[in-house]
Amino acid sequence: MLAPKVEQLFGNREQAEYYTIVTLGSHSALQILKGAKDEGFRTLAVANRQTERLYRSYGFVDEVLAIERYEDFPRHMQSLEHRKAVIVPHGSFVAYLSLEDHKKMTIPYFGNKAVLDWEASRELQRQWLSAAGLNLPRQFKTGAEIDRPVIVKLYGANGGKGYMFVRDAHDFEERAGLLARRNYIIQEYIIGVPLYIHYFYSPLTGRLEIMSMDRRYETNVDSLGRIPAAAQEGLDLEPSYVVVGNQSLSLRESMLAEAYRMGEDVVRVSKDICGPKGLFGAFCIETIITPDTQFYVMEISARIVAGTNLFINGSPYSYLNYDEPMSTGRRIARELKNALLSNSLRLVLDDSGVL
Ligand code: ATP
(Lines give C-alpha, C1' and ligand atoms only; values in the text may rest on other atoms or scores of the structure.)
Protein backbone atom coordinates (compact mmCIF):
# COMPACT_ATOMS: atom_id res chain seq x y z
CA MET A 1 0.00 0.00 0.00
CA LEU A 2 1.29 3.45 -0.86
CA ALA A 3 1.93 5.67 2.11
CA PRO A 4 -0.09 8.89 2.10
CA LYS A 5 1.28 12.12 0.73
CA VAL A 6 2.86 14.65 3.04
CA GLU A 7 -0.07 17.00 2.60
CA GLN A 8 -2.54 14.26 3.55
CA LEU A 9 -0.62 13.56 6.69
CA PHE A 10 -0.11 17.10 7.72
CA GLY A 11 -2.64 19.29 5.96
CA ASN A 12 -1.44 22.72 4.99
CA ARG A 13 0.19 25.60 6.79
CA GLU A 14 -0.32 24.62 10.36
CA GLN A 15 1.42 25.71 13.45
CA ALA A 16 4.49 24.06 14.84
CA GLU A 17 2.75 23.30 18.14
CA TYR A 18 0.56 20.68 16.42
CA TYR A 19 3.61 18.77 15.29
CA THR A 20 5.81 16.53 17.35
CA ILE A 21 9.52 16.16 16.74
CA VAL A 22 10.58 12.63 17.59
CA THR A 23 14.02 11.19 18.11
CA LEU A 24 15.78 8.29 19.84
CA GLY A 25 17.06 9.06 23.33
CA SER A 26 20.78 9.01 22.68
CA HIS A 27 23.57 10.85 20.80
CA SER A 28 22.24 14.42 20.24
CA ALA A 29 18.62 13.89 21.27
CA LEU A 30 18.73 16.53 24.00
CA GLN A 31 19.99 19.12 21.56
CA ILE A 32 17.41 18.15 18.91
CA LEU A 33 14.50 18.22 21.34
CA LYS A 34 15.59 21.43 23.07
CA GLY A 35 15.90 23.06 19.64
CA ALA A 36 12.48 21.75 18.64
CA LYS A 37 10.91 23.14 21.79
CA ASP A 38 12.61 26.51 21.26
CA GLU A 39 11.00 26.62 17.82
CA GLY A 40 7.57 25.82 19.25
CA PHE A 41 7.19 22.12 18.43
CA ARG A 42 5.98 19.39 20.71
CA THR A 43 8.74 16.91 21.53
CA LEU A 44 8.92 13.17 22.10
CA ALA A 45 11.93 11.11 23.14
CA VAL A 46 11.96 7.39 22.48
CA ALA A 47 13.78 6.02 25.49
CA ASN A 48 14.61 2.64 26.99
CA ARG A 49 14.43 1.51 30.61
CA GLN A 50 17.87 2.93 31.34
CA THR A 51 17.37 6.34 29.73
CA GLU A 52 13.70 6.95 30.47
CA ARG A 53 14.23 8.83 33.74
CA LEU A 54 16.85 11.07 32.23
CA TYR A 55 14.68 12.21 29.34
CA ARG A 56 11.67 12.69 31.59
CA SER A 57 13.73 15.01 33.78
CA TYR A 58 13.93 17.73 31.12
CA GLY A 59 11.15 20.27 30.85
CA PHE A 60 11.50 20.58 27.10
CA VAL A 61 10.68 16.88 26.57
CA ASP A 62 6.89 16.71 26.40
CA GLU A 63 6.57 12.95 26.13
CA VAL A 64 8.71 9.87 26.57
CA LEU A 65 7.90 6.65 24.77
CA ALA A 66 9.72 3.95 26.72
CA ILE A 67 10.53 0.76 24.85
CA GLU A 68 12.64 -2.27 25.82
CA ARG A 69 15.39 -1.87 23.26
CA TYR A 70 16.08 0.83 20.69
CA GLU A 71 16.41 -1.86 18.04
CA ASP A 72 12.68 -2.56 18.57
CA PHE A 73 11.69 0.95 17.52
CA PRO A 74 10.24 -0.11 14.13
CA ARG A 75 7.65 -2.23 15.98
CA HIS A 76 6.49 0.81 17.96
CA MET A 77 6.23 3.14 15.04
CA GLN A 78 2.55 2.50 14.50
CA SER A 79 1.73 4.37 17.69
CA LEU A 80 3.22 7.49 16.08
CA GLU A 81 1.66 7.11 12.66
CA HIS A 82 -1.69 8.61 13.54
CA ARG A 83 -0.18 11.87 14.73
CA LYS A 84 1.77 14.68 13.13
CA ALA A 85 5.20 13.42 13.99
CA VAL A 86 8.50 14.04 12.22
CA ILE A 87 11.53 11.91 12.95
CA VAL A 88 14.85 13.68 13.21
CA PRO A 89 17.60 11.07 12.83
CA HIS A 90 21.03 11.28 14.43
CA GLY A 91 24.16 9.12 14.42
CA SER A 92 22.78 6.48 16.81
CA PHE A 93 19.68 6.02 14.69
CA VAL A 94 21.79 4.44 12.03
CA ALA A 95 23.70 2.43 14.61
CA TYR A 96 20.56 0.98 16.27
CA LEU A 97 18.39 0.46 13.20
CA SER A 98 19.56 -1.35 10.12
CA LEU A 99 19.73 0.47 6.84
CA GLU A 100 16.64 -1.47 5.76
CA ASP A 101 14.67 -0.60 8.92
CA HIS A 102 15.66 2.96 8.37
CA LYS A 103 14.35 3.00 4.85
CA LYS A 104 11.14 1.28 5.84
CA MET A 105 10.21 3.93 8.41
CA THR A 106 6.84 5.29 7.41
CA ILE A 107 6.83 8.32 9.69
CA PRO A 108 7.86 11.54 7.96
CA TYR A 109 11.62 11.78 8.19
CA PHE A 110 13.84 14.85 8.08
CA GLY A 111 16.53 14.19 5.47
CA ASN A 112 17.01 12.21 2.28
CA LYS A 113 17.28 8.45 2.85
CA ALA A 114 18.79 7.96 -0.60
CA VAL A 115 21.99 9.46 0.81
CA LEU A 116 22.28 6.55 3.24
CA ASP A 117 23.50 4.12 0.57
CA TRP A 118 26.20 6.52 -0.53
CA GLU A 119 27.25 7.12 3.00
CA ALA A 120 27.19 3.50 4.18
CA SER A 121 29.53 2.18 1.49
CA ARG A 122 33.12 3.37 1.88
CA GLU A 123 33.60 2.92 -1.85
CA LEU A 124 30.59 4.99 -2.89
CA GLN A 125 31.46 7.61 -0.31
CA ARG A 126 34.91 7.90 -1.81
CA GLN A 127 33.46 8.36 -5.29
CA TRP A 128 31.16 11.08 -4.01
CA LEU A 129 33.85 12.97 -2.12
CA SER A 130 36.41 12.82 -4.89
CA ALA A 131 33.83 13.99 -7.45
CA ALA A 132 33.42 17.00 -5.14
CA GLY A 133 37.13 17.74 -5.47
CA LEU A 134 38.06 16.81 -1.91
CA ASN A 135 41.53 15.50 -1.00
CA LEU A 136 41.26 11.93 0.21
CA PRO A 137 43.93 9.85 1.95
CA ARG A 138 45.46 7.37 -0.48
CA GLN A 139 44.17 3.84 -0.28
CA PHE A 140 46.26 0.71 -0.71
CA LYS A 141 44.80 -2.53 -2.01
CA THR A 142 47.42 -4.85 -0.52
CA GLY A 143 50.01 -4.76 2.23
CA ALA A 144 52.78 -5.05 -0.33
CA GLU A 145 51.84 -1.67 -1.81
CA ILE A 146 52.28 0.19 1.48
CA ASP A 147 55.00 2.83 1.12
CA ARG A 148 54.17 5.09 4.09
CA PRO A 149 52.49 4.90 7.49
CA VAL A 150 48.88 3.73 7.17
CA ILE A 151 45.79 3.25 9.28
CA VAL A 152 43.99 -0.07 8.86
CA LYS A 153 40.25 0.26 9.37
CA LEU A 154 38.20 -2.83 10.04
CA TYR A 155 34.72 -2.77 8.57
CA GLY A 156 32.06 -2.09 11.15
CA ALA A 157 34.60 -0.34 13.41
CA ASN A 158 32.90 2.19 15.60
CA GLY A 159 34.24 5.47 16.96
CA GLY A 160 37.78 4.54 15.99
CA LYS A 161 37.61 1.16 17.81
CA GLY A 162 39.25 -1.44 15.66
CA TYR A 163 41.61 0.97 13.87
CA MET A 164 45.25 0.04 13.69
CA PHE A 165 48.26 2.23 13.01
CA VAL A 166 50.78 0.44 10.79
CA ARG A 167 54.21 1.88 10.17
CA ASP A 168 55.21 0.21 6.90
CA ALA A 169 54.76 -2.89 4.71
CA HIS A 170 56.92 -4.99 7.04
CA ASP A 171 54.88 -3.99 10.09
CA PHE A 172 51.72 -4.88 8.15
CA GLU A 173 53.05 -8.32 7.32
CA GLU A 174 53.85 -9.00 10.95
CA ARG A 175 50.28 -8.22 11.95
CA ALA A 176 48.58 -9.90 9.03
CA GLY A 177 47.40 -12.70 11.37
CA LEU A 178 45.15 -10.25 13.23
CA LEU A 179 43.47 -9.31 9.99
CA ALA A 180 42.93 -12.76 8.54
CA ARG A 181 39.38 -13.29 7.31
CA ARG A 182 38.42 -9.74 8.27
CA ASN A 183 37.29 -6.99 5.93
CA TYR A 184 39.31 -3.82 6.17
CA ILE A 185 40.74 -0.93 4.23
CA ILE A 186 44.29 0.33 4.29
CA GLN A 187 44.48 4.09 4.24
CA GLU A 188 47.37 6.53 4.22
CA TYR A 189 47.89 7.89 7.75
CA ILE A 190 47.54 11.67 7.61
CA ILE A 191 49.51 13.47 10.30
CA GLY A 192 47.75 16.66 11.27
CA VAL A 193 44.91 18.16 13.25
CA PRO A 194 41.53 16.40 13.06
CA LEU A 195 38.82 18.98 12.43
CA TYR A 196 35.15 18.10 12.11
CA ILE A 197 33.13 20.75 10.31
CA HIS A 198 29.39 20.90 10.99
CA TYR A 199 27.26 22.23 8.16
CA PHE A 200 23.61 22.85 7.47
CA TYR A 201 22.24 23.07 3.97
CA SER A 202 18.77 24.54 3.53
CA PRO A 203 16.77 23.18 0.61
CA LEU A 204 14.33 26.06 1.20
CA THR A 205 16.86 28.83 0.59
CA GLY A 206 19.59 26.89 -1.25
CA ARG A 207 22.11 28.29 1.24
CA LEU A 208 24.86 26.45 3.08
CA GLU A 209 25.79 27.48 6.63
CA ILE A 210 28.78 26.51 8.73
CA MET A 211 27.19 25.86 12.13
CA SER A 212 30.22 24.95 14.24
CA MET A 213 33.38 22.85 14.38
CA ASP A 214 34.99 20.47 16.78
CA ARG A 215 38.11 18.54 17.29
CA ARG A 216 37.83 15.05 18.68
CA TYR A 217 39.62 14.07 21.83
CA GLU A 218 40.69 10.47 21.44
CA THR A 219 42.34 8.02 23.75
CA ASN A 220 45.12 7.21 23.70
CA VAL A 221 46.36 8.86 20.51
CA ASP A 222 45.91 12.39 21.88
CA SER A 223 47.96 11.53 24.94
CA LEU A 224 50.96 9.95 23.33
CA GLY A 225 52.59 13.36 22.91
CA ARG A 226 52.68 13.66 26.70
CA ILE A 227 55.31 10.97 26.86
CA PRO A 228 58.59 11.89 25.17
CA ALA A 229 59.33 9.71 22.14
CA ALA A 230 62.54 8.43 23.74
CA ALA A 231 60.58 7.25 26.81
CA GLN A 232 58.02 5.51 24.61
CA GLU A 233 60.66 3.25 23.14
CA GLY A 234 60.17 -0.32 24.31
CA LEU A 235 56.80 0.44 25.95
CA ASP A 236 54.97 -1.32 23.15
CA LEU A 237 52.38 1.46 22.94
CA GLU A 238 49.70 1.13 20.28
CA PRO A 239 47.78 4.24 19.31
CA SER A 240 44.01 3.86 19.61
CA TYR A 241 41.32 6.24 18.37
CA VAL A 242 38.50 5.78 20.84
CA VAL A 243 36.55 9.01 21.15
CA VAL A 244 36.27 10.39 24.65
CA GLY A 245 34.75 13.75 23.83
CA ASN A 246 34.86 16.79 21.63
CA GLN A 247 36.63 20.10 21.93
CA SER A 248 35.61 23.38 20.43
CA LEU A 249 37.89 24.93 17.85
CA SER A 250 37.75 27.98 15.64
CA LEU A 251 39.48 27.70 12.30
CA ARG A 252 42.04 30.17 10.97
CA GLU A 253 39.88 32.48 8.91
CA SER A 254 42.12 32.10 5.88
CA MET A 255 41.10 28.42 5.78
CA LEU A 256 37.39 29.04 6.15
CA ALA A 257 36.74 29.65 2.46
CA GLU A 258 38.03 26.17 1.60
CA ALA A 259 35.91 24.64 4.38
CA TYR A 260 32.87 26.34 2.87
CA ARG A 261 33.80 25.33 -0.67
CA MET A 262 34.07 21.68 0.39
CA GLY A 263 30.58 21.75 1.88
CA GLU A 264 29.09 23.41 -1.18
CA ASP A 265 30.67 20.94 -3.59
CA VAL A 266 29.61 17.93 -1.53
CA VAL A 267 26.01 19.19 -1.68
CA ARG A 268 26.28 19.97 -5.41
CA VAL A 269 27.53 16.48 -6.29
CA SER A 270 24.95 14.83 -4.02
CA LYS A 271 22.21 16.26 -6.23
CA ASP A 272 23.63 14.31 -9.17
CA ILE A 273 23.99 11.03 -7.33
CA CYS A 274 21.23 10.83 -4.68
CA GLY A 275 18.28 12.20 -6.60
CA PRO A 276 17.43 15.84 -7.15
CA LYS A 277 17.05 16.65 -3.46
CA GLY A 278 20.57 15.47 -2.73
CA LEU A 279 22.04 15.95 0.72
CA PHE A 280 20.24 18.48 2.88
CA GLY A 281 19.95 19.43 6.53
CA ALA A 282 22.84 18.81 8.90
CA PHE A 283 26.02 17.05 7.84
CA CYS A 284 29.64 16.88 8.86
CA ILE A 285 32.88 16.59 6.91
CA GLU A 286 35.58 14.94 8.98
CA THR A 287 39.01 16.22 8.02
CA ILE A 288 42.63 16.17 9.03
CA ILE A 289 44.62 19.33 8.29
CA THR A 290 48.26 18.92 7.39
CA PRO A 291 51.08 21.45 7.99
CA ASP A 292 50.64 22.83 4.45
CA THR A 293 47.03 23.65 5.50
CA GLN A 294 45.48 21.04 3.21
CA PHE A 295 42.26 19.39 4.32
CA TYR A 296 42.22 15.62 3.91
CA VAL A 297 38.77 14.14 4.26
CA MET A 298 38.31 10.95 6.25
CA GLU A 299 34.57 10.67 6.09
CA ILE A 300 31.24 12.41 5.69
CA SER A 301 28.31 12.00 8.10
CA ALA A 302 25.04 12.89 6.44
CA ARG A 303 23.21 14.03 9.57
CA ILE A 304 23.71 15.77 12.89
CA VAL A 305 26.92 14.60 14.61
CA ALA A 306 27.61 14.41 18.34
CA GLY A 307 30.30 17.12 18.14
CA THR A 308 27.50 19.67 17.72
CA ASN A 309 26.53 18.97 21.36
CA LEU A 310 29.26 21.40 22.35
CA PHE A 311 27.13 24.15 20.88
CA ILE A 312 23.64 23.68 22.30
CA ASN A 313 23.82 27.36 23.12
CA GLY A 314 25.12 28.28 19.64
CA SER A 315 28.68 28.65 18.39
CA PRO A 316 30.79 31.60 17.23
CA TYR A 317 29.95 30.53 13.68
CA SER A 318 26.19 30.22 14.18
CA TYR A 319 26.25 33.62 15.88
CA LEU A 320 27.45 35.14 12.62
CA ASN A 321 24.19 34.04 11.00
CA TYR A 322 21.78 34.34 13.94
CA ASP A 323 21.49 36.85 16.73
CA GLU A 324 20.20 34.13 19.03
CA PRO A 325 21.53 30.80 20.26
CA MET A 326 21.24 28.49 17.25
CA SER A 327 22.33 24.91 17.73
CA THR A 328 22.27 22.48 14.83
CA GLY A 329 19.28 20.79 16.51
CA ARG A 330 17.43 24.08 16.65
CA ARG A 331 18.41 24.86 13.07
CA ILE A 332 16.73 21.61 11.96
CA ALA A 333 13.54 22.60 13.78
CA ARG A 334 13.73 26.10 12.27
CA GLU A 335 13.91 24.56 8.81
CA LEU A 336 10.89 22.38 9.51
CA LYS A 337 9.01 25.38 10.82
CA ASN A 338 9.92 27.50 7.80
CA ALA A 339 8.84 24.64 5.55
CA LEU A 340 5.49 24.41 7.34
CA LEU A 341 4.90 28.13 7.08
CA SER A 342 5.69 28.17 3.37
CA ASN A 343 3.82 24.96 2.49
CA SER A 344 7.11 23.35 1.48
CA LEU A 345 7.29 20.37 3.81
CA ARG A 346 7.96 18.04 0.92
CA LEU A 347 11.27 19.81 0.35
CA VAL A 348 12.61 18.86 3.77
CA LEU A 349 11.23 15.38 4.24
CA ASP A 350 12.35 12.15 2.64
CA ASP A 351 10.23 11.17 -0.34
CA SER A 352 10.36 7.41 -0.05
CA GLY A 353 8.32 6.87 3.12
CA VAL A 354 5.65 9.48 2.65
CA LEU A 355 5.05 10.04 -1.04
P1 ATP B 1 32.56 7.85 13.93
O2 ATP B 1 31.62 6.92 13.26
O3 ATP B 1 32.26 8.11 15.36
O4 ATP B 1 32.86 9.09 13.11
P5 ATP B 1 34.56 6.21 12.91
O6 ATP B 1 34.60 4.83 13.41
O7 ATP B 1 33.91 6.47 11.61
O8 ATP B 1 33.95 7.12 14.00
P9 ATP B 1 36.60 7.93 12.02
O10 ATP B 1 35.89 9.18 12.39
O11 ATP B 1 36.70 7.56 10.59
O12 ATP B 1 36.01 6.73 12.86
O13 ATP B 1 38.06 7.94 12.59
C14 ATP B 1 38.34 7.93 13.98
C15 ATP B 1 39.68 8.58 14.21
O16 ATP B 1 40.72 7.83 13.57
C17 ATP B 1 39.79 9.99 13.62
O18 ATP B 1 39.27 10.97 14.46
C19 ATP B 1 41.31 10.12 13.47
O20 ATP B 1 41.94 10.45 14.67
C21 ATP B 1 41.73 8.70 13.10
N22 ATP B 1 41.86 8.55 11.65
C23 ATP B 1 40.93 8.06 10.79
N24 ATP B 1 41.41 8.05 9.52
C25 ATP B 1 42.66 8.56 9.58
C26 ATP B 1 43.69 8.81 8.61
N27 ATP B 1 43.52 8.51 7.32
N28 ATP B 1 44.85 9.33 9.06
C29 ATP B 1 45.06 9.61 10.37
N30 ATP B 1 44.13 9.39 11.33
C31 ATP B 1 42.95 8.87 10.95
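# A walk around a ligand and its protein

Let's start with Arg181, which counts as exposed because its relative accessibility is 85%. Here, exposed means over 50% relative accessible area, buried means under 20%, and partly exposed is in between (1.4 Å probe, protein chains only). You are looking at a predicted model, in which local features need pLDDT of at least 70 and side-chain atom pairs count only at pLDDT 80 or more, while totals for chains, interfaces and linings use all residues. Residues are numbered from 1 along each chain as its sequence is written, and side-chain values use heavy atoms, with hydrogens and water left out.

Arg181 sits in the loop between α11 (176-179) and β8. The helix and strand names are DSSP runs numbered from the N terminus: helices are H or I with at least four residues, strands are E with at least two. Arg181 is not a glycine, yet its phi is positive, at about 60 degrees. Asp236, another residue other than glycine, also has a positive phi, near 60 degrees. Its place is the loop between α12 (229-232) and β11 (241-248), and it counts as exposed because its relative accessibility is 69%. Most residues other than glycine have a negative phi, and most peptide bonds are trans. What kind of peptide bond joins Thr219 and Asn220? It is a cis bond, with omega about 5 degrees, and Asn220 lies in strand β10.

## Around the ligand

The chain is divided into domain 1 (6-110), domain 2 (122-134 + 191-237 + 245-301) and domain 3 (139-188), with bounds from an automatic or database domain assignment. The centres of domain 2 and domain 3, taken over C-alpha atoms, are 21 Å apart. Each of these two domains gives at least three residues to the shell around the ligand.

There are 20 residues around the ligand, and Lys153, Ile190, Tyr196, Glu218 and Glu299 come nearest. A residue is near if one of its heavy atoms lies within 4 Å of the molecule. The shell holds 10 nonpolar, four polar and six charged residues. In this grouping, Ala, Val, Leu, Ile, Met, Phe, Trp, Tyr, Cys and Pro are nonpolar, Asp, Glu, Lys and Arg are charged, and the others, Gly among them, are polar. Strand β6 gives the most to the shell, with four residues.

| Residue | N or O atom in | Ligand atom | Distance |
|---|---|---|---|
| Gln187 | side chain | nitrogen | 2.9 Å |
| Glu188 | backbone | nitrogen | 3.0 Å |
| Tyr196 | side chain | oxygen | 2.7 Å |

On its own the ligand has 620 Å² of accessible area, and the protein covers 88% of it; such areas come from the Shrake-Rupley method with a 1.4 Å probe.

## Two buried residues

Pro137 is in the loop between α9 and β5 (139-140). Is Pro137 buried or exposed? At 2% relative accessibility, it counts as buried. Leaving aside neighbours within four places in sequence, Pro137 is in contact (heavy atoms within 4.5 Å) with residues including Gln187, Glu188 and Ile190. Pro137 and Tyr196 are 59 residues apart in sequence, and their C-alpha atoms are 16 Å apart.

Thr328, in helix α15 (residues 328-341), counts as buried because its relative accessibility is 4%. Not counting residues up to four places away in sequence, Thr328 touches Gln31, Met211, Ala282, Ile304 and Thr308.

Terms used
Polar contact = N/O pair within 3.5 Å; in protein donor to acceptor, adjacent residues only side chain to side chain.
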